[in-house]
Amino acid sequence: MEPPRSSLPTPYSDSSKFVDSRQRALPRRVAARDAGRRFWTRLATMRPAPELRLLLSLIAPATALLLLTEWEFASYQAAIAAFSILALLLIPTNMAAVFAGMSARDRLKLRDGGQRSMDAYPGVERILNTLRERVLRERIRLLSALLGTLSIVAVWNLDTGESLGSLLLGASTALGVLCLLNSMRLDESIPMRSNAFPLLSLHAPTLHHSVLDRPLTDLMVAHLDPETAGAWDEWVSSLAESVRIDQTADSAIEHLLRALHLNEQRLLDDARLLTEAKRVFKVAAIDGLTDDSNKFNLKSLKTLLAHTKAWEPGLFRLIDRLQDSAIRVDHTLTEELWRLDLDLPPRCSQGQADLFVLLHNNTGRTTNVKVDVVVAEGEPALQTIRVEAPPSRRLDRSRVVDQVDSLGRLLDDAIVLWIGLAWPDSELGSHPVQVTLRGEGGETLSSIVVQTTLSSKVQPESVGQRMSDAASAVRRLTLSMTD
């Protein structure tokens, strides 16, 4: 009788050692790429390397130009040295860009071990395309330095003749200028410097709701990169059983963000901040918020809030004015039937701006209203948003109201609108924007006209500049907390 045959192993079954080995090798490869990204980024940003790259980018074309003009003190050795050292200093930035692209693809596109796809979050392709463009620019910069070096070496060591020598020296000068232009753009915006939120500085919000139900939370989430947004959703879901009975995860986070904003304004100390966190979170969640090893804790939330504030300071200016009115018990909060406040940047570049509108209903009843935004020469020229405005609770002048409670109550009762404005590229100069509040019958309840100046030049309000400012704010806060 033949012995029973042993079944052949299936290399792709769940019990196969091959699958376990493959699943172990993949995280190791991802970790190695990210370690390379951290190493080369640290080397590229280590002082005085950025300053030397910019200085040599200025010196190199100048030395080539002096050789072209046949100045008696011009030196081939100095020109070759300037281009050669510049090329060596550009190697770390090239490697940092390459590893940044690989690390971003691993974080956003690689799927293994049950990870969720990041394609559902806006901004994935934009981040990857930005990093691909950076790799191309870095390669052009390095190639320019190398070709500039070879051109000067050829003129120095070979009998090129006057015509060919002039062409080669002219080419090296042009290559040096090209290297300088790329250096001015690239060295100020080396991406993925943060280890906690490496993709945050590469994300620009594209889609958002016009009506913000929980203003600080909604605004922050809109400015999170896809990887951080995915981790945020998982973190919020995990808090469902870790909040007080009268709270939800969303309301508890909104309360904490308000306290963090007041803490950053030095209106609350750290002890009171922790007390406010304990009001809405249970002990288990508090332990997580004070644990520096967690992705989302008090320190990292401060970082994300600083990033959001650098992106959209307009809403925070509205909140500060609202808080100031509450402290002074301003009559507009209680006596006027409708309180309308808005914020628009005084200067707008790239033909776009963010308008924030804050509305309070003091009529004592829920009312359906329309907010008309008329933008002179805008695209579109008229936007109409219909909202249901619940009645606001009145502040009691006879007693002192706690700052956190008063701000929370005012924001809970407010209608907060985030409206994107746009103009054609041909429009320049001062342009008026009118915001009109209309009642159920179309009657005008309140109206405000503000002016903004459109400019073709890059202004502090431009998208690129705000991305840079947000990244700088995150780095400054991270360094201060580390110290």
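The structure holds zero disulfides. It is a predicted model. C179 is buried, at a relative accessible area of 2%. C348 is also buried, at 1%.

**Overall make-up**

The protein has 483 residues, and 46% of them are buried. Its secondary structure comprises 14 helices and nine strands. Among contacts with a separation of 6 or more, 71% link residues 24 or more positions apart. The accessible surface comes to about 24700 Å². Carbon and sulfur atoms account for 56% of that surface.

β2 runs antiparallel to β4 (residues 352-361), and six bridges join the two. Within this pair, L340 stands opposite L359 of β4.

A helix covers part of this arrangement.

| Residue | Relative accessible area | State |
|---|---|---|
| C179 | 2% | buried |
| C348 | 1% | buried |
| T308 | 2% | buried |
| T453 | 25% | partly exposed |

The cut-off explains the labels: buried means under 20% relative accessible area, and exposed means over 50%. T453, at 25%, is therefore partly exposed. T308, at 2%, is therefore buried.

**T308 in helix α11**

T308 sits in helix α11 (residues 298-311). Beyond its neighbours within four places in sequence, T308 contacts L219, M220, H223 and F316.

**T453 in strand β9**

T453 belongs to strand β9 (residues 444-455). Setting aside neighbours within four places in sequence, T453 is in contact with P346, R347, C348, G429 and S430. One of these partners is the buried cysteine C348. T453 and C348 are 105 residues apart in sequence. In space, their C-alpha atoms are 6.0 Å apart.

Conventions:
Residues numbered from 1 in each chain as written. Predicted model: local features only at pLDDT ≥ 70, side-chain atom pairs only at ≥ 80, totals over all residues. Heavy atoms only, no water. Pairing = 2+ DSSP bridges. Helix = DSSP H or I, 4+ residues; strand = E, 2+ residues; numbered from the N terminus. Buried < 20%, exposed > 50% of the residue type's maximum accessible area, 1.4 Å probe, protein only. Contact = heavy atoms within 4.5 Å. Areas by Shrake-Rupley, 256 points an atom, 1.4 Å probe, with all protein chains shown as cover. Disulfide = S-S within 2.5 Å.
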